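Dear colleague,

I am handing over the structure below, and my notes on it follow directly after. Please read them with the model open beside you.

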Amino acid sequence: MKARLAMPAAGLNAALAVLAVLACGLSVALGYAPLDLGQALRDALAGRESIEALVLTEIRLPRAVLGMLVGFSLGLTGAAMQGLLRNPLAEPGVIGISGMAALGAVAMFYSGLAGAFSLALPLGGIAGALIATILLFALAGRGASMTTLILAGVAINSFAGAMTSLALNLSPNPYAATEIVFWLMGSLADRSLDHVWLVLPLMLAGWGLMLAAAPALDALTLGEDTATSLGFNLMRLRAQLVLGAALAVGSAVAVTGAIGFVGLIVPHLLRPLVGHRAGRLLLVSGFGGALLVLGADSLTRLLPVRPELKLGVVTAMIGAPFLFSLIWRLRREA
Amino acid sequence: MRPFLLALLTLLAASACLRAGNADAAQARRIVSINLCADELVLRLADRQHVAAVTWLARDPAASTVWEEAAQVGINHGLAEEVLLYRPDLILAGQYTTRTTVAFLRRTGMPVMELGVPQTLEEVYAQILSVATALGHEERGEEMVAAMEDSFAALAPPPAEWRPRAFVLRPNGFTVGPGSLVDSLLVKAGLTNAAGENGLFLYGQIPLETVILEQADLLIIDADARDHPALAMEVLHHPALQRLGERIEILALPSRLWTCPGPMLVETVKQLAEAAERVRARRRNP
Amino acid sequence: MRIEARNITCRAGRRLILDGVDLAFGTGEMVGLIGPNGAGKSTLLRILAGLRPPEGGTVTHDGNRLTGRDLARKLAFLAQGGEVNWALRVEHLVALGRLPHRRFGPPGTDDLRAVENALAAAEVTELRDRIVSTLSGGERMRVLLARALAVEAAILLADEPVTALDPYHQLRVMELLRAQADGGKGIVVVLHDLTLAHRFCDRLVLLDRGRIVADASPREVLSDARTEAAYGVRLLRGRTGTEEYVLPWERVAARNKQDPQEGNS
């Protein structure tokens, strides 16, 4: 009995981490053209600029690594938001961060800056996420309740959605709308290591902020008063999680577009495995998210559909049935 | 799937000609076009005073080659209400665009001519002729076709030695596979359409790794390189492409040059052929 | 450990909820906080627990003002309503009481011991593997009490812990709280049941419209004059063996609408 109480989720975390790394390997091995991986690896390590090494290091590796980073961010943020709002339907976009990140990228695109320098699009997305964060603090700052936070999120989301549609509507180029709609569906195709280096520090900071909130989220299981009585400052917790989500999800959306369902479904699936403990759920959801995104991205390349399906479409196709079965089960239990 | 589609298109194109034939024996006097490609032909083939309106897209220098002419006539946004106000005696529409408007106009008994999407230069010529006939200026259509044929003939024939392999990356909504107009133009310019070669990627995005591993010689980006933002340009920033550097030639071709049938196709083939020649030149003296 | 509240005032908008409340209590006693609905009991308890700052006045803990984790180690709070959001196992829930002591890493031996003791003290050891959502209301309250006890704080503040329970569990929870006070803890408990308050508490504090109208032994506080003024209720008084009991029996005419201070003087 005592041993079980003491048992951390280390085993589960390790298993999911190993699976995520394997999925990363699978992602590197998958591609559209046959690639001699051994040759590519030897060339890359020897510093030879062969075609194989180029494809491995500049195209497949960034794709796999970004898949891992973005998946981890989405899973972790989903778990953090569900824990903060104590609502299993919360997801990373619930406070408006992803909507504003998408708007930021779209704005960059229409201002023509996207063509001017290479990382304009993700930088615009990150700027959008930051603006959302500032708005959130202004709207739901000191002493406001969780409901205010959700309402602020809804307001920001609708605003960002409307502005994005407006941008599409006013688009000078009849084809731009199509392009941006496809971009918004989310994809990891043809991203580069530059993208990885841009988002890595932001995501790491965001992960750190959210993972550090684990004990507070555990305490929040018992409601806000009890959490406060256990020595947690809820205002600081909210700020910490909003900022963490902005850094992680903002940069994820900025490089890959919106990939839905991951942050919703992963914490759901893993929650029973950590005994429904909100704090323990964070890290495992990160690994679970990485696994799901890498798997879905591999699927986009395995499915005989060309051009490849958008990642957001595939995660939704995987996620929606899961959610339906979940609702079905809940209904039966009720 | 593809042969079926082609058959369908041909059928539709034929029926379009037929309908146009019935539409008007005499000259149309109040012409409205609600399709960008139709705009191009109407503004080139009809008398200016007989063109009531074209689409607002026709005034955009990025999307249209007749934007100067379009500025002198009215514009519409493909809405039935706008079209009716002009009391047109001929409406030109696209086969795949503004479907509800076309359906409405047909119900009200308006003379609508629908233009298909030509897949070959022969279909392009046929469409030009049928539109010219419907406008009551058959001779202008014949002139245009003859001029295009002459221009193509005047282009230096592609050397038989070696056809560089070209990929069309991120096209804006048109097909690049074998049997498509783009494919015909590439072949005419002395290039091999690498996307069509392996039967994959008939349209849409071609992954960068395919481009690199298949050792493409020429990358064609479907975008206006200068002032119109397009995500298609994003790929040019990819480090993998930059590291390939001299090994690959890149041509940014605005979609206005090869989306619609018309004389601008000559310019397209010219640019493609020049790019092909650059590739060959580099191959000869690396 | 002694907690002293001085001249506490608290407002909700324009309405004065607490108006110059002075209250002091310490370990080893069980204080019942009573009063009609809207008197300010829960607000006072939340201020004492450091959950909300008062608009005026001070709360000191052994002469200092403790906050955050320092306070959390010395003072446990049992919230009203018994909110539990996720389907936790009982022992995991009880272990949350150790968060003021250890936030990261696996629980240490002192944590495990504290959880065992708390499970035993609240008599829920046999429920330890159950999921909280499957418990009855009474079991759930005992489990939440075990969580509060696992903090091993000197003071326990409980907001209406027996209000929704059946008579068996009302008695059982009151007995558990009494045992804790006898064991040396300081207990402040908000109660609506005057019979239980009279029977189990060492001392009662009667709040009415934001002011303390009485603070003394249960017998003194629950005089006819005070209960009629504050509650508008007359008590039935009886005796079983050596013990007196009271029972809210009938309504009297409208409640005292005058300044409650008068009834106290």
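A crossing is called left-handed if the near helix is turned anticlockwise from the far one by less than a right angle, and right-handed if clockwise. In that sense H2(B) passes H6(B) in a right-handed crossing. This is a predicted model, in which local features need pLDDT of at least 70 and side-chain atom pairs count only at pLDDT 80 or more, while totals for chains, interfaces and linings use all residues. Side-chain values use heavy atoms, with hydrogens and water left out, residues are numbered from 1 along each chain as its sequence is written, and chains are lettered from A and ligands numbered from 1 in the order in which they are written.

Helices (H or I, at least four residues) and strands (E, at least two) are DSSP runs, numbered from the N terminus. Helix H2 (residues 36–45) and helix H6 (residues 121–135) of chain B pack at about 55°, their axes lying 10 Å apart; axes are lines fitted to C-alpha atoms, for helices over the stretch in contact, and angles run from 0 to 180 degrees between N-to-C directions. H2(B) and H6(B) are therefore oblique to each other, since angles under 35 degrees count as roughly parallel, over 145 as roughly antiparallel, 65 to 115 as roughly perpendicular and the rest as oblique. On the H2(B) side the contact (heavy atoms within 4.5 Å) involves B:Leu41, B:Val42 and B:Leu45.

In chain C, an open sheet of six strands with mixed pairing has the order E5-E6-E7-E3-E8-E9, where strands pair if DSSP finds at least two bridges between them.

Best regards
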